[in-house]
Amino acid sequence: MVELNENVTWGEVKNNGENKQGRRLLIVDDDAKMAASLQSLLTGHGIEADYLGDAQTAWPHVRSGQYSIVLLDLVMPELDGHGLLERIRGEGIDVSVIVVSGRNTFEDARDALQAGAEDFIRKPYTPEDLVRAIGHVREKRDLKARGRSMELALKSSEQRHRFFVENSPDIIYMLDDTGRFIFVNQTVASLLGFEPEELAGKHYSDLVVPEDIDMARYAFDERRTGDRATRNVELRLRSKHGHGESKQFETRNVTIELNSMGVYNNKSTDFLGTY
């Protein structure tokens, strides 16, 4: 039986016990014979597990995050199983606890589950029940981990997209379904002199020179998508030149080539605006 002691270093534990996938188990039970039997049962099913004889000794090992699942007895000296569950929940430690206990009252099971235990298995148990419970907990942890990975990947993708949008040499914009700006990237400041927040809520026609308004209406009111959407329509937009602060613009008008397409709700055909 692999038993840890208080003098073992974290490096020794990780090199000797914890597998790299973080799927190693810890048995916490003051009944050494019961723990040895449980450890042997798990080994027979290809599941590695370490053993500690009381919750007080187990606490720093659990707290360190080196175990993903703890098989926990409730009745132990000093710190009992309920106390360890409270500490785990109090510090938000990412470990799944399966209570394996000879106490089989409804209150014990209820209190353990309310304190954060994933499952409650009563002694004596069948090997199949225990292995099934561990498999179920591992599956939940794997799903949760994949969800976190997808969330991080999405966040990273959004950050890259935001960087490209804000640093694009072109004006990137979005209008609502009434033709008013709900987003303009920072490039508008260098090309037209307006800060993005100055254009928020303004109608696109406020920027278009009067002679080009009909062409602008055709382009900015675009509802088509894909290959049918508007491409390379030449328009003149009014700059902020002559209104006070900016003196970098030589003319009041800036000629652009406009691309636009309709934007729709992914779950419906509701028109949201123009991009």
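User: Which residues in H2 are buried?
Analyst: This is a predicted model. In H2, the buried residues are Ala35, Leu38, Gln39, Leu41 and Leu42. Seen down the helix axis, the buried residues of H2 fall within an arc of 160°, so they line one face.

User: And what is exposed on the other side of H2?
Analyst: Lys33, Ser40, Thr43 and Gly44 are exposed there.

User: What covers the buried residues of H2?
Analyst: The cover includes strands S1 (25–28), S2 (49–52) and S3 (69–72), along with helix H6 (127–166).

User: How many residues does H2 have, and what happens at its ends?
Analyst: H2 covers residues 32–44, which is 13 residues. From first C-alpha to last it reaches 18 Å, close to the 18 Å expected. After H2 comes Gly46, with a positive phi near 75°.

User: Switching topic. Which residues have the most contacts inside the largest nonpolar core?
Analyst: They are Leu26, Val28, Val70, Leu72, Leu85, Ile88 and Val99, in a core of 25 residues. The elements giving two or more residues to this core are S1, H3 (55–63), S3, H4 (81–91), S4 and H5 (106–114). H3 gives the most, with four residues.

User: Take Leu72. What is it in contact with, leaving aside neighbours within four places in sequence?
Analyst: Leu72 is in contact with Val28, Gly81, Leu84, Leu85, Val97, Ile98, Val99 and Val100. There is also a second, separate core of 20 residues, which includes Leu175, Leu237, Val254 and Ile256.

User: What about Ser101, buried or exposed?
Analyst: Ser101 is in strand S4 (residues 96–101). It counts as buried because its relative accessibility is 0%, and the cut-off for buried is under 20%. Not counting residues up to four places away in sequence, Ser101 touches Asp73, Leu74, Phe120, Ile121, Arg122 and Lys123.

User: Last thing. Where is confidence lowest, and where is it highest?
Analyst: Helix H1 (residues 10–16) is lowest, at a mean pLDDT of 33, and S3 is highest, at 92. The protein averages 80, and 87% of the residues score at least 70.

User: Where does pLDDT stay under 50?
Analyst: Residues 1–21 stay under 50, and the model has 35 contacts for them beyond four places in sequence. Residues 242–250 also stay under 50, with 12 such contacts. Where pLDDT is low, the predicted coordinates should not be read in detail.

Methods: Residues are numbered from 1 along each chain as its sequence is written. This is a predicted model: local features need pLDDT of at least 70, side-chain atom pairs count only at pLDDT 80 or more; totals for chains, interfaces and linings use all residues. Side-chain values use heavy atoms; hydrogens and water are left out. The expected span of a helix is 1.5 Å times one less than its number of residues. Buried means under 20% relative accessible area, exposed over 50%, partly exposed in between (1.4 Å probe, protein chains only). The arc is that of the directions from the helix axis to the C-beta atoms. Contact means heavy atoms within 4.5 Å. A nonpolar core is a set of buried Ala, Val, Leu, Ile, Met, Phe, Trp, Tyr and Cys residues joined through side-chain atoms within 4.5 Å. pLDDT is the predictor's confidence in each residue, from 0 to 100.
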